[in-house]
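This briefing concerns the protein chain displayed below. Please keep the sequence and the model in view while reading the points that follow.

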Amino acid sequence: MADVLSLKESVLVYLDRSGGLMKLAEDCKQFNDPQQMEAVYRFCVSVNPSDVIEVDPVLGDCILHYPLKATALFQSVCFLAIKTLSLVEKIHTESQVNVILKLTHLPPFPEYMLDLCSFPRGYGPLRPVSMEGLVIAMTRVTKYTQGARFLCINDDCPCSTGFHHIRIHAPGATESATVGNSFSCMICSSPLKEDMKFRVLGDKQLVELIHVSALDGLRGHWQSSLRYQSVTLFLRDELCNSVRIGRLYRVLGISAHVHQWPSATWSVEANSIQPWEPEYPHKVSARFQELLKATAGSPWRFSAVVAQGFGLDVAPPGLYNILKLGLLLSLVQTRADAKDTFHSLDLLVVTTDTLITDRLMTYSLRLACRGVRHQASAEMFASLSQDEHGAGTANIHAGSALLATGGICMLGDLGCYKKERLDSLQSVLESCTVSVFIPGKKYGEDADQQLSFPVQCSFWALTDASRRAGRAESALLGTAQDLGPVPVQLADAFGLVIQCKDMMGEEHALLAQTVHTLQQAVQPGKPLHSPGWEFSTQDYQELVAHARSLQVKLSPEAEKVIHGYYMASRRVRTQSQGVKMSVASVKLLISLAEAHCKLCLRTRVLEEDAVIAVLLCENSVTLRHGASALIIPPDAVFPCDLGDADGLHKRDVTLDELHQNILRFIYTYAPGADTYITEE
């Protein structure tokens, strides 16, 4: 008894020091409405285990290892405070006070960490644990019983009136454990009957959490024998709708066994949830630092050499350079900033060699912070199923795009998709949201419901230009190209469209690729090319991770080029082709310029970065709608072979000439570019 009193004194001291008593008094004000009569009154108490241990180590140990006992201690102290200070006159018994201890954190020791990959689970005491994982499914918010009042059916029993029998939800308890019909009076053993008008309802939501390593098996570059099992989280009341599908979270919760005869399910009652991002230590390798110094004289050379040496396991240097650059730009630009604004760079590749293009994309997917290779037979956005935990509502499962949140979703060949899927993809690309229709009758609701989820990933896709014969062979330079089975509207939704076509001839490219593949097969591990700037996959992973983390700022010079080109191009194409350049084109230009700036490891977007953005964007629009007054060759970004010593110099000279052509185009068709910037 003395020990219990000592612990209650410690609880009172902690509540006084931490401001808990003042918060309790403030929370009681909402319950003083005379029209509001409830069986139980819920109070959330914030508890810092470290501070509690300083007050009383025994109480701290009780909170960390025996949470139900600790909750009873806080409940008793809160009830005494409420009665002593006359905070709520409607509270008559201690059982009417429903205290929820909200832990701020847990000690950073292995005993308090739950690895979602570890087995077996569920053994040992049910105590608070911390876990980290990815949300892959969630239900709609439903109701559960927080507490209920029961009366004895024996009129002569004191428990036939008052608040003697109050049942409150406990972690792991099912609905029948709170409001069942098999309870008996503790005094006379007569059956108890619930007083329905005093039942208190709360919100409940079920969430599936899985280890983040499960996504490694969705990248497509390797097959794993491992199988990952998700954990069911129960979110209640204020925690409902605090998570989003496809996001990573750190969860503090109490593990519990949910008994549903004839089985018992291991689950977790969430106590607190915080967004979480794993730390990826990154630094630029010594080789790239040497390259950065060697190419410091030109703002274009570093990114050119980086793209030239990228993906040598798949394609020899000199081939697919524009595609390699586009993939790298998308990798470094796909991220969410400090304001939770997502930046993406979608990519559609037009090619006649889908095999090598697919391999390059799959290889690049390894460098993404999160990458998912979508299978045409799988669900792209979201699917529904019946909840298996007794809630009877719809369970919303994440598709490939939602699983790739914050990273890349590789769709592969769009020729494998039905028209309905392509239409859905176009809608998502344009709105960045996906809608899920939930039929009410099927999932136990009175009305149908439609939910929207943000889609925050970059899409990579390819299309086989040779799949539709006729126009591709007779296409002239500067005319719209055949995009295979992809309609122009879908290509416009992607924004950046890249054509994989070697200017030295298809036969030369095929021969180079064949020699490269044979050398890899005959002499694996041996350097395939002449000594020069060669980098490992690890070097590229570190470079992309570092570049992605850079915060860049647009310079006035770059802004003038971007907005001037947009105004001039919109004017020319509207008058000559009837093509409307949407405001999304400005976003694409800025995104490309920022990405090139990051890839060059700078924090200020230069005019030269805007030039690369204009060249890529103009070629992309030309592929879809034909050329404009700004005549740009298809290989403008890589106009010559970079294999010899003079290659980089020749490229700089060509890009300087194209830079001047862009400026003349702007001043001819968009006079007063400074004014246009302000107006736009």
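Cysteine 432 sits in the loop that connects α12 (419-431) with β18 (433-438); helices (H or I, at least four residues) and strands (E, at least two) are DSSP runs, numbered from the N terminus. The model is a predicted one: local features need pLDDT of at least 70, side-chain atom pairs count only at pLDDT 80 or more, and totals for chains, interfaces and linings use all residues. Residues are numbered from 1 along each chain as its sequence is written, and side-chain values use heavy atoms, with hydrogens and water left out.

**Positive phi values**

- The phi of cysteine 432 is near 60°, a positive value in a residue other than glycine.
- With a relative accessible area of 42%, cysteine 432 is partly exposed; buried means under 20% relative accessible area, exposed over 50%, and partly exposed in between (1.4 Å probe, protein chains only).
- Leucine 601 is not a glycine either, yet has a positive phi of about 60°.
- The location of leucine 601 is the loop between α18 and β23 (604-605).

**The chain as a whole**

- The protein chain contains 21 helices and 23 strands.
- Buried residues make up 52% of the 680 residues of the protein chain.
- Among contacts in the protein chain with a separation of 6 or more, 73% join residues 24 or more positions apart; contact means heavy atoms within 4.5 Å.
- The protein chain has an accessible surface of about 31800 Å², and carbon and sulfur atoms account for 53% of this area. Accessible areas come from the Shrake-Rupley method with a 1.4 Å probe; for residues, only the protein chains shown count as cover.

- Helix α8 spans residues 301-308 and is mostly covered, with seven of its eight residues buried.
- Those buried residues are Phe302, Ser303, Ala304, Val305, Val306, Ala307 and Gln308.
- The elements covering the buried residues of α8 include α7 (286-294), α9 (321-333), α16 (537-549), α18 (584-599) and α20 (647-669).
- Glutamine 308 belongs to helix α8 and counts as buried at 13% relative accessibility.
- Neighbours within four places in sequence set aside, glutamine 308 contacts Pro317, Gly318, Asn321, Lys324, Leu642 and Gly643.

**Packing of α8 against α9**

- The axes of α8 and α9 approach within 8 Å and cross at roughly 105°. Axes are lines fitted to C-alpha atoms, for helices over the stretch in contact, and angles run from 0 to 180 degrees between N-to-C directions.
- Helices α8 and α9 are therefore roughly perpendicular to each other (angles under 35 degrees count as roughly parallel, over 145 as roughly antiparallel, 65 to 115 as roughly perpendicular and the rest as oblique).
- On the α8 side the contact is made by Ser303, Val306, Ala307 and Gln308, and on the α9 side by Asn321, Lys324, Leu325 and Leu328.
- The residues of this contact of α8 with α9 comprise four nonpolar, three polar and one charged. Ala, Val, Leu, Ile, Met, Phe, Trp, Tyr, Cys and Pro count as nonpolar, Asp, Glu, Lys and Arg as charged, and the others, Gly among them, as polar.
- Leucine 319 lies in the loop between α8 and α9 and counts as buried at 5% relative accessibility.
- The C-alpha atoms of leucine 319 and aspartate 641 are separated by 9.6 Å, although the two residues are 322 residues apart along the chain.

**Helix α19 and glutamate 607**

- Helix α19 (residues 607-625) has 19 residues and reaches 26 Å from its first C-alpha to its last, close to the 27 Å expected at 1.5 Å a residue; the expected span of a helix is 1.5 Å times one less than its number of residues.
- Of the 19 residues of α19, 16 are buried, so the helix is largely enclosed by the rest of the structure.
- Glutamate 607 lies in helix α19 and is partly exposed, with a relative accessible area of 22%.
- Residues up to four places away in sequence not counted, glutamate 607 touches Ser555, Glu557, Ala558, Val561, His659 and Leu663.
- From C-alpha to C-alpha, glutamate 607 and proline 299 are 9.6 Å apart in space and 308 residues apart in sequence.

**Serine 364 in α10**

- Serine 364 is located in helix α10 (residues 354-365) and is buried, with a relative accessible area of 0%.
- Apart from its neighbours within four places in sequence, serine 364 is in contact with Phe310, Leu327, Leu331 and Trp460.
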